[in-house]
Structures are given as structure tokens and as C-alpha cells.
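Open the model in your viewer and keep the selection tool at hand. The tour goes one stop at a time.

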Amino acid sequence: MHVQTPPPRQLPPQDMAAMDRSEQRAQQLTYGIGAVVGVVLVLLMCLLCSRLLF
């Protein structure tokens with residue numbers, strides 16, 4: 001006995017422009033958070049090095 005599977009269903013259409021916009025926003029957010037973390041780390045390193053020197 002062979003069971004025949006039904007054909008795959010049709011996927012809903014995708015809004016490529018909206019996906020591109022949301023990807024750009026996510027990338028900007030990631031770069032922004034990375035920049036803030038980088039500045040904080042540089043300030044902490046400067047603070048720690050100044051305490052070691054003085």
C-alpha cells in the first residue's frame with residue numbers, strides 16, 4: 001500500500017521592501033550599540049590606565 005502525500009501548499013507572498021527596511025534598521029541599531037559599547041570600553045581603559053600611572 002502506497003500513501004500519496006498531498007502537494008506542498010503555496011507560501012504567502014513576502015514584502016521584500018519591508019524586509020529590507022527592517023534589516024537596515026536592525027543593522028543601524030547593532031552599529032549604534034556597538035559604538036556606545038566601544039566608547040564605554042575606551043573610557044574605562046583610559047580610567048584604569050590613569051589610575052595605574054598616577
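Select C49. This cysteine is partly exposed, with 38% relative accessibility. Bear in mind that you are looking at a predicted model.

Now show the sulfur of C49. Which cysteine sulfur is closest to that of C49? The one in C46, 6.9 Å away, and that is too far for a bond. A disulfide needs the two sulfur atoms within 2.5 Å. By this rule, the model has 0 disulfides. C46 is therefore in no disulfide, since the nearest cysteine sulfur, in C49, lies 6.9 Å from its own.

Stay on C46. Buried or partly exposed? C46 counts as partly exposed, at 47% relative accessibility.

Next, select L41. You are in helix 1, which covers residues 16–53. L41 is partly exposed, and its relative accessible area is 49%.

Last stop: select S22. This serine also belongs to helix 1. S22 is partly exposed, with a relative accessible area of 34%.

How far apart are S22 and G34 in space, C-alpha to C-alpha? The distance is 18 Å, for 12 residues of separation in sequence. Draw that distance in your viewer to finish the tour.

Note on methods: Residues numbered from 1 in each chain as written. Predicted model: local features only at pLDDT ≥ 70, side-chain atom pairs only at ≥ 80, totals over all residues. Heavy atoms only, no water. Helix = DSSP H or I, 4+ residues; strand = E, 2+ residues; numbered from the N terminus. Buried < 20%, exposed > 50% of the residue type's maximum accessible area, 1.4 Å probe, protein only.
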